[in-house]
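Thanks for coming. I will take one structure today and go through some of its charged pairs and strands.

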Amino acid sequence: MRAYERLLNYVKVYTTSDESTGTVPSTNRQFDLAKLLVEEMKALGIENPHVDDKCYVYGWIPATKGYEEKPALGFIAHLDTAPDASGENVKPQVIENYDGEDVELGKSGLSIKTELYPEMKKLKGRTLIVTDGTTLLGADDKSGIAEILTAAEEIIKKDLPHGKICIAFTPDEEIGGGAADLDLEKFGAKYAYTVDGGPENEITYECFNAVSAKFKIKGAAVHTGSAKGKMKNAVRMAVEIENMLPSGDIPELTEGREGFYHLCNINGTMESAEMSYIVRDHDSSKMEMRKEILKHIEKVMNEKYGEGSVELIIKEQYRNMIEKIAPCMHLVENVRKVMHELGMETDEAPVRGGTDGAQLSFRGLPCPNLGTGGYAFHGPYEHITAEGMDIAVKVILGVIGKYAK
């Protein structure tokens, strides 16, 4: 079975995560895909596939006889889809021999414009998979799952030589929880790759340092007719806080290694308000500076409006994985060799986000990220090609072959 055929099955399973529940997994529906995958892994001949009570799926392919001393390699993808757009009732559209032009997304009125998504021109002639415009596709990261299992099928059927291969599928990656409860001792890999990236020639080993920041604001509600000197409008205070931050340091105006403050949510009344930010920077020293700016704003606001008027809560989310990948760059070098052998130039741009691999690297499992062949994740414009997925499978197989040698 080709990887895209698996993807078409997986995307129909509703697995969106939800950070508001406070549970692990955050949504029980992720078990639906987990159980399906366990049965598929059994049919493929993967050893001891199972899902634990927190919705982590595990399975292993024992080393070929004589290759037991080769490094145990792990491959990881995630079950959940992002809560940024609906992941329910996904209806994938398959366009064979795509013509390289704009694509209408069902009857939604939306279309993928090549002007906005120039990579579409390079996909001409391939089998393109898109949404009907009413949901995301879910290739992030069900394509990664499909590619890992397709590679596993190839290894088992063709009896390709390999060291021990460790497979895991995690819940809740999209809300930052995917790596936290992966049992690394049980998993047993010395090194691993997440298969959760973009273009098929992508290898990422550098990501943002990331924190969340929340401002809780206490105002004072007073009748507008007698408000002078008494009212503290919490919503207006929230606007004031936003205006203290650098106006150019926002996602829509930054790229590459440029960091940002992103206001995700603001709500409130005159009496109280709350603002939620995510803060990102590749440079750890610059990230510390960004946190100091937020703390200074808290201080200034409390001096102006009275102690306790504004409370800042900062939570660490993940750190730049390069710190842990740098000592074992063979993980990247071997991918480079494989891609060059496949006739590709590697795309090594720093990822403007994070993956399970970032957290796993800091937990002691060095874990760069491989591309899946997908684009425009987290929304209705998401797209991927069957051929790109085939190449991603070849990259996985090639890396396994390098470590077998």
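Where do Lys299 and Glu303 lie, and how many residues apart are they? Both are in helix H6, 4 residues apart, which is about one turn of the helix. Please keep in mind that this is a predicted model.

The side chains of Lys299 and Glu303 meet in a salt bridge, at 2.8 Å from N to O. In general, side chains of opposite charge can pair when their charged atoms come close. Lys299 is partly exposed, with a relative accessible area of 45%. Glu303 is exposed, at 55%, because the cut-off for exposed is over 50%.

Helix H6 covers residues 284-305, and Glu288 and Lys291 are also in that helix, 3 residues apart. So about one helical turn separates Glu288 from Lys291. They form a salt bridge too, with the closest N and O atoms 3.0 Å apart. Glu288 is partly exposed, at 40% relative accessible area, while Lys291 is buried, at 9%.

How many salt bridges does the structure hold? The number is 22.

One of them joins Arg257 and Glu206, with 2.9 Å between the closest N and O atoms. This pair links distant parts of the chain, 51 residues apart. Arg257 sits in the loop between helix H5 and strand S12. Glu206 sits in the loop between strands S10 and S11. Is Glu206 buried or exposed? Glu206 is buried, with a relative accessible area of 13%.

S11 is mostly covered, as 7 of its 10 residues are buried. In general, strands of a sheet pair through backbone hydrogen bonds, either parallel or antiparallel. Which strands does S11 pair with? One is S13, residues 272-281, which runs antiparallel to S11 and is joined to it by 10 bridges. In that pairing, Ser212 stands opposite Ile278. Another is S14, residues 310-318, also antiparallel, over 8 bridges. There, Ile217 stands opposite Val310.

Last, a sheet of 4 strands. This sheet is open, with the order S4-S7-S17-S16 and antiparallel pairing. Its edge strands are S4 (93-95) and S16 (374-375), each of which pairs on one side only. S16 pairs with S17, residues 383-385, over 2 bridges. Tyr375 has His383 in S17 as its bridge partner.

That is the end of my part.

Definitions and conventions
Residues numbered from 1 in each chain as written. Predicted model: local features only at pLDDT ≥ 70, side-chain atom pairs only at ≥ 80, totals over all residues. Heavy atoms only, no water. Pairing = 2+ DSSP bridges. Buried < 20%, exposed > 50% of the residue type's maximum accessible area, 1.4 Å probe, protein only. Salt bridge = Lys/Arg side-chain N within 4 Å of Asp/Glu carboxyl O.
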